[in-house]
Amino acid sequence: MSILRGKNIVLGITAGIAAYKTASLVRLFIKAGAQVRVVMTPASKDFITPLTLSTLSKHPVHSTFTDNNDDGATWNNHVELGLWADLFVIAPATANTLSKMTSGNSDNFLLATYLSAKCPVYFAPAMDLDMYQHPSTLASFKTLERFGNIMIPATSGELASGLIGQGRMAEPEDIVAFIEKDILNKLPLRGKSVLVTAGPTYEAIDPVRFIGNHSSGKMGYEIAKTAANLGANVVLVSGPTHQKVEHNLISVLPVVSAQEMYEAVHQYYEHTDVAILSAAVADYRPKNVALQKIKKKTNTLSLELEKTKDILASCGTLKTQQFLVGFALETNNELENAIGKLKRKNLDLIVLNSLNDKGAGFGGATNKVTFIDKSQTITEFELKSKTEVASDLINEILKHLHA
Ligand code: CTP
């Protein structure tokens, strides 16, 4: 899955012969799952028609501040478009447009959109080799990079003039690959290993029965997805759930019992940067598991239970570089109990769910949480979807990692 999936891309086209290649570029962005809006300089329309680009992008193409139609003129809102964009890609970028971008010139719709955009801006220069090497062009490159814009360098080869040298716009496939790689490299959890536990555990009574709980696993799966979307390599140790996840940065390790979860966690914990233990692990399990199905011969049946290993506490004991997060589900003395758990289990952060809050805890799609960190700073949140809670949690962890 491309990192461009779901992104809003404004593609700005200026008047270079390489503009004819932007039809492929639009298609590649769309194939990657992005939404594309095209803006053009008026002169670029000599190289490729707006109709081609509006057909491919499935949206009108803008090149002027107003459009004349049967009902009179409509104003094209460059500010809205600039703010809509998650990425602004200018390809091909001529020496003329690059120079205007450095000086705040906004005498066409594309330039006004550029000035309004708050998102990352990529530009792929295309021009003849001497223009590419001219000190004024090199100065434009430098200034734009100082502005934080990202250059996708031109390649060398035969140019439209017949001369051979650097100035060819990067090929559409290479532009897409460049942007994808750049975004991935800048993700805040890039290169970090994150271990997440999720779901319930099932503790066998006999071959067909178990002690379990109502955890759906949704919270843990949302945490895993959020971390992976921010570039982390995630190991998700999951008890039995109906949750599904497909992400090339998430490896799912299915387990059933607390003992299996303990073993899976410790297989990875040593080399983990962040461990988030959100699973609802059984605290007790049947001491003896019957080898055959238990028959209902007696009026009452007693099961002797023994404690399972506390996975979170064992992680706290072994902690070196790991940032360790635990969950606490409490019904009374919530804060006091959660702080006790944070200290006892040597955690960096604890996420408190109070069962007294409506919509919090197991099963549902929402959760209401309070974060308590090691210095006992308490942050309370409103009732939110579990996806939003996951994002709040990862943001909180990022704050601590960068502190
Ligand atoms: N946990 C764990 N292994 C266990 C039990 C719990 O890793 N065997 C983890 C949970 O994943 C959660 C945290 O510990 O992150 C909270 O567990 P909880 O059952 O609420 O707390 P306990 O420490 O078991 O305390 P108590 O039962 O007294 O509330």
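Predicted model: local features only at pLDDT ≥ 70, side-chain atom pairs only at ≥ 80, totals over all residues.
1. Two packed helices are described by the angle between their axes and the distance between the axes. Here, helix α4 (residues 95-103) packs with helix α7 (residues 135-146) at an angle of about 45°, and their axes are 9 Å apart. Angles under 35 degrees count as roughly parallel and 65 to 115 as roughly perpendicular, and α4 and α7 are therefore oblique to each other. The crossing of α4 past α7 is left-handed.

2. Which residues meet where α4 and α7 touch? From α4 come Ala95, Leu98, Ser99, Met101 and Thr102, while α7 brings Thr137, Ser140, Phe141, Thr143 and Leu144. In this contact of α4 with α7, five residues are nonpolar, five are polar and no residue is charged.

3. Next, have a look at strand β15 (residues 274-277). In a regular strand the side chains alternate between the two faces of the sheet. In β15, Val274 and Ile276 point one way, whereas Ala275 and Leu277 point the other way. Are these four buried or exposed? All of them are buried.

4. Now for the partners of β15. Strand β10 (residues 193-198) pairs with β15 in the parallel sense, over four bridges, and Val196 stands opposite Ile276. Strand β18 (residues 323-330) also pairs with β15 in the parallel sense, again over four bridges.

Methods: Residues numbered from 1 in each chain as written. Heavy atoms only, no water. Axes fitted to C-alpha atoms, helices over the stretch in contact; angles between N-to-C directions. Helix = DSSP H or I, 4+ residues; strand = E, 2+ residues; numbered from the N terminus. Parallel < 35°, antiparallel > 145°, perpendicular 65-115°, else oblique. Left-handed = near helix turned anticlockwise from the far one by under 90°. Contact = heavy atoms within 4.5 Å. Nonpolar A, V, L, I, M, F, W, Y, C, P; charged D, E, K, R; others polar. Buried < 20%, exposed > 50% of the residue type's maximum accessible area, 1.4 Å probe, protein only. Pairing = 2+ DSSP bridges.
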